[in-house]
Amino acid sequence: MLNAIGSKIDLSVPDSECGYYELVSDLLDSEVVQQMQQYMHHGHTTCFQHCLNVSYYNYLLCKLLSLDCRAGARAGLLHDLFLYDWHDYVKVKGQRMHGWTHAGTALANVRKYFSITPMEADIIEKHMFPMNIALPKYRETVVIICVDKICGAWEVVAHWGYLMKLLATYPVRKHRERLAEKGTAEKAA
Ligand SMILES: [Fe+2]
Ligand SMILES: [Fe+2]
C-alpha cells in the first residue's frame with residue numbers, strides 16, 4: 001500500500017476515480033525509482049516517499065488548475081532521483097552544495113533511465129528555484145516549486161510530531177516494559 005502524506009488513497013493500485021496510478025505505474029515499478037527507498041530525505045521520510053508526496057499533490061494541483069497533470073505526476077516522482085543520502089554527501093564528501101546541484105544530478109539520472117518530455121525536464125531541473133536561478137518555463141514547473149517546499153516542510157513537521165509523540169509516551173512505554181519484566185521474573189520464580 002502506498003499513501004502520500006496526509007492521504008488515505010492507495011496509490012499502488014489502479015483507481016479510475018483518482019486516475020493517478022495509471023500515469024505513473026511504469027515508474028513505480030522501475031528498479032531505479034524503488035532504489036530511492038534506501039535513502040532518507042526529510043526526517044524519517046525516504047526519498048521515495050517524498051517524491052511520491054510531491055508527485056501526488058503535483059498531480060492533484062495540476063488537475064485542479066487544468067494543467068498537464070501527467071507531466072506533474074511523472075516529473076514529481078522523478079524530481080529528486082539523485083540516488084545518494086544527502087546527509088552522507090555533506091558529511092563524507094565535505095560538500096555543501098547538494099541543495100544547488102541535486103536537481104541537475106536528478107535530471108541526468110532520469111535521462112539515463114527514462115524518456116521524458118521537455119516540460120518534465122523543466123519541472124525536474126528547476127524545482128529548486130530560487131536556489132537554482134533559472135526561471136521556470138511552464139506553469140507546471142511553478143506548481144512543483146511550491147508543492148516540493150510544502151511537502152518538505154510537512155515531512156519535517158511530521159517528523160518532529162513523531163519525535164514528540166515518542167517523547168510524550170516514553171514514561172508509559174517504560175512503565176509497561178517494567179510490568180512485563182516483573183511478570184516474566186515472577187513466572188520464572
Ligand atoms: Fe529537490
Ligand atoms: Fe524534493
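Student: At what angle do helix 1 (residues 20–29) and helix 4 pack?

Tutor: The model is a predicted one, and in it the axes of helix 1 and helix 4 lie 9 Å apart. The two helices pack at an angle of about 40 degrees.

Student: Why are helix 1 and helix 4 oblique to each other?

Tutor: An angle under 35 degrees would count as roughly parallel, and one from 65 to 115 as roughly perpendicular. Helix 1 and helix 4 pack at about 40 degrees, and they are therefore described as oblique.

Student: What is the hand of the crossing in which helix 1 passes helix 4, and which residues in helix 1 meet helix 4?

Tutor: The crossing of helix 1 with helix 4 is right-handed. On the side of helix 4, the contact involves Arg70, Ala73, Arg74, Leu77 and Leu78. The residues in helix 1 that meet them are Tyr20, Leu23, Val24 and Leu27.

Student: At roughly what angle do the axes of helix 4 (residues 69–78) and helix 8 (residues 139–168) cross?

Tutor: The axes of helix 4 and helix 8 come within 10 Å of each other, and they cross at roughly 45 degrees. That angle makes helix 4 oblique to helix 8, and the crossing is right-handed.

Student: Which residues in helix 8 meet helix 4?

Tutor: Helix 4 contributes Ala71, Gly72, Ala75 and Gly76 to its contact with helix 8. The residues of this contact divide into four nonpolar, two polar and one charged. From helix 8, the residues that take part are Glu140, Val143 and Ile144.

Student: Is Tyr162 buried or exposed?

Tutor: Tyr162 lies in helix 8, and 12 other C-beta atoms are found within 10 Å of this residue. A residue counts as exposed if that number is 12 or fewer, so Tyr162 is exposed.

Student: How many helices and strands does the protein have?

Tutor: Read along the sequence, the elements follow the pattern α-α-β-β-α-α-α-α-α-α-α. Counted by type, they amount to nine helices and two strands.

How values were computed: Residues are numbered from 1 along each chain as its sequence is written. Chains are lettered from A and ligands numbered from 1 in the order in which they are written. This is a predicted model: local features need pLDDT of at least 70, side-chain atom pairs count only at pLDDT 80 or more; totals for chains, interfaces and linings use all residues. Axes are lines fitted to C-alpha atoms, for helices over the stretch in contact, and angles run from 0 to 180 degrees between N-to-C directions. Helices (H or I, at least four residues) and strands (E, at least two) are DSSP runs, numbered from the N terminus. Angles under 35 degrees count as roughly parallel, over 145 as roughly antiparallel, 65 to 115 as roughly perpendicular and the rest as oblique. A crossing is left-handed if the near helix is turned anticlockwise from the far one by less than a right angle, and right-handed if clockwise. Two residues are in contact if their C-beta atoms, placed from the backbone, lie within 7 Å. Ala, Val, Leu, Ile, Met, Phe, Trp, Tyr, Cys and Pro count as nonpolar, Asp, Glu, Lys and Arg as charged, and the others, Gly among them, as polar. A residue is buried if 20 or more other C-beta atoms lie within 10 Å of its own, exposed if 12 or fewer, and partly exposed in between; C-beta atoms are placed from the backbone.
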